[in-house]
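Student: I have a structure to study today. Can we go through it by question and answer?

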Amino acid sequence: METITFNGEHLAAGNWGHFFVVLSFITAIFGAIAFAVHVKSQNETHRQIARATFFIHFISVLGIIISLFLIIYNHYFEYQYAWQHSSLELPTHYMISCFWEGQEGSFLLWLFWEAVLGMVIMLKPSQWQSPVLAIVLLSQAVLSSMLLGIEIPFLTDYKFGSSPFILLREVDPSVLQLPVLTMQGIAKADYMQVIVNGTGLNPLLQNYWMVIHPPTLFFGFATTIIPFAYAVSGLWTRKYKEWMKPALPWALTSVMVLGAGIIMGGVWAYESLSFGGYWAWDPVENASLIPWVVLIAGVHVMVINRVTGSSLILSYLLIIGTFILVLYATFLTRSGVLGDTSVHSFTDLGLSQQLLVFLLMFVFLPVIVSFKQTRARWIYFGVMLVLFVINILVGKFIVWLNLLFLLASFILFIQNFYAHLPLNKKEESTFSREFWMFVGSLVLLLSAIQVFSTTSIPVFNKITASLGMFDWLYNITGLQKFQDMANGNVAQDIDVIRHYNSWQLPFAVIIALLSGITQFFAYKKSSKRALLKNFTIVFITSIVLTAVLMPVFKLWFSTGILLILFLFASTFAIVGNSWFIYKALRFKWKLSGAALAHIGFGLMMIGVLVSSAKKQVISENKLYSYGDNFSASENRENILLYQNQPFNMAQYVVTYKGDTTIGPNTFYEVHYYDTIRDQEFSLYPNAQYNENQGLMPNPDTRHYLTRDIYTHVSLVPKSGEGEWEADGKHTMAIGDTMIVNKSLVILEGVDRTLGDTISKQLAGHDLHIARVKVITGDSAVVAKPVFGIKDGQGIYNIYSVAEYAKIRFNYMPKEVEGELMHEIETDIQPQRYIVMKAIAFPYINLLWTGTIVMLLGFFMAIRRRLKENRK
Amino acid sequence: MKSTHIVILVIIAVGIAAILGTYGDASTTVSFKEAAENPGKSFHVKTYLVKEKGIEFNAEIDPEKFIFYGKDGNGEVRKVICLKEKPQGFEHAEEIKLIGHVNGANEFVATDLQTKCPSKYENEIQDI
């Protein structure tokens with residue numbers, strides 16, 4: 001093979017980057033082992049070695065980030081990552097967003113946050129440091145392995161990880177054979193001369209929410225490993241209960257950050273995507289919601305355990321489950337398994353098997369350490385390895401075998417648990433706080449299970465299709481569903497939003513009711529009289545408040561009994577917790593975190609209820625009908641607006657005024673006149689046109705205190721403002737008429753003398769001036785295109801424009817079969833229009849307010865628990 | 001029996017119901033042939049745009065209706081009427097997932113659709 005030295009490449013940055021990836025991988029593995037050894041040996045030297053390794057690991061993670069950033073910042077487009085995700089035009093503040101457009105970059109972000117969290121653990125000495133960091137480093141090893149991009153020698157065609165430092169010419173050698181190189185006579189070695197710009201960052205990511213949402217979400221994902229690591233360390237070091245105390249503030253932090261990340265995603269969707277809302281039950285959204293809900297349940301159970309000592313096993317399951325669900329979410333969104341059920345999942349980078357191994361590793365890890373005997377741990381580990389090797393030898397995942405092992409592992413885990421931690425045999429009072437918190441946590445878990453199950457349809461399809469039993473079940477029962485399962489053809493409900501809402505609404509009602517009342521129960525045993533008194537006050541106040549709110553929100557019993565019940569339940573949560581802060585806590589804010597979070601939750605729920613139940617598509621189109629073959633439910637949600645033609649839409653008169661292009665975005669000015677309030681405003685929804693992905697519209701929203709008017713364009717004609725389009729050449733006789741651009745055009749005659757309108761410079765020329773009358777609606781103008789001959793030979797044309805009709809005329813006398821005819825050439829400016837959609841979201845501000853209150857509540861709860869731990 | 005046990009049993013029952021509910025409400029991904037066998041019933045169909053047959057659309061006549069010919073996995077080509085605004089990258093779509101039913105005139109009426117566009121990476125390397 002010939003070796004070429006390529007010119008114009010900057011290989012140092014990539015080499016350093018790659019070096020740091022390998023270093024971070026090695027230090028993570030070595031560090032994990034060193035910390036694990038220290039757990040057993042308690043030898044100070046081992047600890048020092050482990051800590052030093054962690055420092056090197058931390059620095060190498062920073063090294064990877066700096067290398068990648070330099071490549072993007074300096075526009076080294078020879079690197080595929082920079083070429084694919086950035087461009088010369090990209091403003092510096094969006095360069096950071098390039099990190100999360102690609103999968104490698106988002107793994108890097110995760111790696112970074114986890115390293116930071118590890119550093120926090122490391123700087124605070126505790127007996128948990130070594131086991132926790134060993135587990136964190138194990139996950140760091142797996143994460144950095146995703147960035148390795150190394151081919152394994154004996155496994156052909158399998159690449160371990162996907163490196164962000166790979167060169168464009170390595171990914172696609174065809175860049176060295178570009179036709180432009182041969183045409184311009186550029187040598188292969190100088191191919192960089194033509195790679196001058198990258199393909200740019202997806203316009204949807206060029207938004208300030210997209211600068212802060214992914215880092216927050218990944219920070220949230222990263223935090224879930226800490227409570228997980230504590231739980232596993234508890235099993236590992238056989239300190240089955242003590243881990244919860246230090247883990248609780250971490251779990252609460254995780255709830256807060258992950259919650260903030262998820263909600264920021266909703267805000268981003270609402271502010272800059274055009275699917276018309278903040279939540280669409282998209283699998284990618286659900287994937288991060290599921291662990292969050294499970295973690296909230298987990299935090300409640302941990303609090304129960306802290307006070308009463310019960311519910312230990314459930315704490316383990318929920319905290320361990322949260323991290324596993326985060327890994328599952330990663331697998332779902334990055335393995336390509338979601339395929340076409342989600343609009344914004346990543347495509348498979350060839351990492352799907354590696355991700356599955358990652359997932360299973362952390363599923364089996366807690367099971368390994370749940371064995372009390374060291375020998376039993378090794379035996380289980382051995383069986384696991386054998387299974388792994390069998391899978392590799394067969395060359396694919398043997399679904400039934402792995403499922404069987406998974407089930408057996410789960411049973412063993414529970415079994416082990418009962419073996420060394422006998423159950424609390426004491427009867428629990430139903431009049432205790434812990435009982436109702438326990439019920440509430442399980443309802444949260446149910447809610448998560450429901451979302452999980454529908455979101456996982458594509459995964460279930462893969463599983464059911466590979467198990468032979470469903471064909472057999474179909475043959476016996478004749479149920480079509482079994483055949484669909486056997487074929488892996490099951491698809492989401494046609495109306496998936498209705499499906500989710502009908503399940504989640506009852507869950508939300510129960511959770512809201514429980515969060516309103518549970519605080520009034522005391523732990524262990526409550527006084528029934530005090531309880532009844534508080535309950536009565538809260539109940540009656542909530543009923544009254546609900547009755548007041550119903551007309552405000554225009555919610556009636558006819559809208560749906562369940563919705564009214566939901567309104568009541570959310571009100572109940574707010575009133576109950578407010579009363580609690582007043583009555584029981586006497587405004588001791590330090591203790592009010594939980595109550596405040598519950599108030600925030602209640603507000604959020606009312607915001608969700610009103611803004612979605614009373615969401616109104618105000619651009620409903622009544623002008624068109626699909627015809628008799630279509631049902632009335634196939635409603636229309638877009639209107640066509642011609643420029644400067646007012647249109648009546650609900651209580652508004654809307655007018656499309658025109659557009660301006662700034663950078664890659666075109667802004668469409670839509671003027672609103674509110675006929676009820678006698679107010680006017682303009683919205684500027686914009687859109688960016690991308691060759692492959694088409695129109696990418698961003699909405700613009702008018703915010704009022706009690707409602708939002710949300711508007712986006714759905715369709716715009718491609719030609720720009722003021723551009724002429726050829727209409728045709730028309731041969732006419734004097735007196736002929738035609739229709740051009742919706743106007744009536746009459747050729748009245750041809751003059752040979754100058755009128756006043758034509759300059760005296762043309763004196764002496766042979767002139768033929770057509771008189772063209774243009775009638776548009778009730779106005780008429782005369783256009784006078786000129787055909788002139790200068791000095792008997794120089795022919796020229798002067799066109800004439802009918803402004804209002806947007807027609808441009810050119811005239812040319814012509815001889816057809818000996819007769820003089822008149823050729824009129826017309827160009828037109830097609831009428832500018834946009835197709836747009838507008839939605840009114842009432843009381844959406846309650847959702848945002850509730851969110852902030854809830855996050856504040858979490859924050860105060862974290863402070864409280866940290867303070868308690870310090871005592 | 002402890003009250004906790006009753007709660008757990010109820011929860012397990014509802015949990016199983018939720019999983020069954022997923023399948024109860026679920027639809028099926030089918031080919032045109034199966035959709036045509038059950039006219040009026042809604043399905044998911046995965047199709048590819050038959051570019052040669054063109055796309056019939058005029059926003060000024062109706063902004064929320066367009067017609068194209070789709071080819072399913074079995075190679076069957078059928079006229080598809082989409083009751084939606086036309087996604088602007090539609091001509092480039094690699095794969096179009098339709099949700100809808102076959103009507104009396106044997107056409108497929110899509111009430112919703114999702115298009116999968118080629119990633120921006122693929123085309124441009126030739127365009128440089």
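Student: Among contacts in chain A between residues at least 6 apart in sequence, what percentage join residues at least 24 apart?

Tutor: Start with the ground rules. This is a predicted model, where local features need pLDDT of at least 70, side-chain atom pairs count only at pLDDT 80 or more, and totals for chains, interfaces and linings use all residues. Residues are numbered from 1 along each chain as its sequence is written, while chains are lettered from A and ligands numbered from 1 in the order in which they are written. Two residues are in contact if their C-beta atoms, placed from the backbone, lie within 7 Å; of the contacts you ask about, the share joining residues at least 24 apart is 67%.

Student: How many helices and strands does chain A have?

Tutor: Both are DSSP runs, numbered from the N terminus: helices are H or I with at least four residues, strands are E with at least two. For chain A the count is 26 helices and 24 strands.

Student: What part of chain A is buried?

Tutor: A residue is buried if 20 or more other C-beta atoms lie within 10 Å of its own, exposed if 12 or fewer, and partly exposed in between; the C-beta atoms are placed from the backbone. Chain A has 871 residues, and the buried part is 45%.

Student: Is Val284(A) buried or exposed?

Tutor: Find Val284(A) in helix α13, residues 283-308. Val284(A) has 20 other C-beta atoms within 10 Å, so the label is buried.

Student: How far does α11 reach from its first C-alpha to its last?

Tutor: The expected span of a helix is 1.5 Å times one less than its number of residues. Helix α11 of chain A has 12 residues, and its reach is close to the expected value: 16 Å.

Student: Which residue in β23(A) stands opposite Met812(A)?

Tutor: Strands β22 and β23 of chain A run antiparallel, joined by 10 bridges. Opposite Met812(A) stands Glu823(A).

Key. Two strands pair if DSSP finds at least two bridges between them.
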